[in-house]
Amino acid sequence: MSYRHALTTLAVLATAIAVPATTAHAAPAPAAPATTVSWYTGSPQEAAANKAFFDAVMKSALAKRAQAAKSGQKLAAVTVRYRSNNAPSFQTQISRSTQIWNSSVTDVQLVQVSSTSAYDFYYTEGNDSRGSYASTNGHGRGYIFLDYRQAQQYDPTRITAHETGHVLGLPDHYSGPCSELMSGGGPGPSCTNPYPNSAERSRVNQLW
């Protein structure tokens, strides 16, 4: 799913563990083998995992809307909360990705929080032969895993913004041009565009 690549034989997406109450670490990721990175082209399992992630975040959004309606309010935009303390190497890229998405869409806004309970998804980092990806944790939330090795070869801000696009409901489209954020690594390492195009922006607003 997402911005992942295949360094070895295709592996089925592993089931994510629940986030502990005090920390938000994903399952330990295996070290990436020392081989040339190539792009993973997606699978039905990835598409299903992306959909599950978006559905989990949307469920939280609908609850917020319902709560606001009970108070006689109407939300101008849904707030999606995230934590990033488990991805210290990517703080700049996460912050930039948030700015990009918040300035690109109107019906949903990303907000960083530090609470271990009041969040919808979190970012984490490490080495994984599957590369970067987005996944649900099986308990109504999700996480974005950012891979060190992949970020050395491809633009890390584009990777982060792409993975965040899955949180907002966008699927992968590897055959797209560099101007399309969800084309991921399809256009190659020279593509550094971290911005969603007009169609992607419109789609996110429609979903939210």
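Me: What percentage of the contacts in the chain with a separation of 6 or more comes from residues 24 or more positions apart?
Reply: In this predicted model, such pairs account for 69% of those contacts.

Me: How many helices and strands are there?
Reply: The chain has 5 helices and 5 strands. Along the sequence they follow the pattern α-β-α-β-β-β-β-α-α-α.

Me: And what share of the chain counts as buried?
Reply: Of the 208 residues, 50% count as buried.

Me: Which residues have the most contacts inside the largest nonpolar core?
Reply: Val80, Trp101, Phe121, Tyr123, Ile144, Val204 and Trp208, in a core of 31 residues.

Me: Which elements each supply at least two residues of this core?
Reply: The helices are helix 1 (44–70), helix 2 (91–104) and helix 4 (156–167). The strands are strand 1 (78–86), strand 2 (108–112), strand 3 (121–126) and strand 5 (142–147). Helix 1 gives the largest share, 5 residues.

Me: Which residues does a second, separate core include?
Reply: That one has 5 residues, including Tyr119, Tyr122, Tyr143 and Phe145.

Me: Back to Tyr123. What does Tyr123 touch, not counting residues up to four places away in sequence?
Reply: With those left out, Tyr123 touches Tyr82, Arg83, Ser84, Asn86, Ala87, Ile94, Ile144, Leu146, Thr160 and Thr164.

Me: New topic, helix packing. At what angle do the axes of helix 2 and helix 4 cross?
Reply: They cross at roughly 55° and come within 9 Å. That angle makes helix 2 oblique to helix 4.

Me: Is the crossing left-handed or right-handed?
Reply: Helix 2 passes helix 4 in a right-handed crossing.

Me: Which residues meet there, in helix 2 and in helix 4?
Reply: From helix 2, Gln93, Ile94, Arg96, Ser97, Ile100 and Trp101. They meet Pro156, Thr157, Thr160, Ala161, Thr164 and Gly165 in helix 4. By class, the contact has 5 nonpolar, 6 polar and 1 charged residues.

Me: Last one. Where is Asp107 found?
Reply: Asp107 sits in the loop between helix 2 and strand 2.

Me: Why does Asp107 count as partly exposed?
Reply: Because its relative accessibility is 25%, and partly exposed covers the range between under 20% for buried and over 50% for exposed.

Me: What does Asp107 touch, leaving out residues up to four places away in sequence?
Reply: Asp107 touches Ala76, Ala77, Val78, Asn205 and Trp208. Trp208 was also listed among the residues with the most contacts inside the largest nonpolar core.

Me: How many residues apart in sequence are Asp107 and Ala77?
Reply: Asp107 and Ala77 are 30 residues apart in sequence, and 4.3 Å apart in space, C-alpha to C-alpha.

Notes. Residues numbered from 1 in each chain as written. Predicted model: local features only at pLDDT ≥ 70, side-chain atom pairs only at ≥ 80, totals over all residues. Heavy atoms only, no water. Core = buried A, V, L, I, M, F, W, Y, C linked by side-chain atoms within 4.5 Å. Buried < 20%, exposed > 50% of the residue type's maximum accessible area, 1.4 Å probe, protein only. Helix = DSSP H or I, 4+ residues; strand = E, 2+ residues; numbered from the N terminus. Contact = heavy atoms within 4.5 Å. Axes fitted to C-alpha atoms, helices over the stretch in contact; angles between N-to-C directions. Parallel < 35°, antiparallel > 145°, perpendicular 65-115°, else oblique. Left-handed = near helix turned anticlockwise from the far one by under 90°. Nonpolar A, V, L, I, M, F, W, Y, C, P; charged D, E, K, R; others polar.
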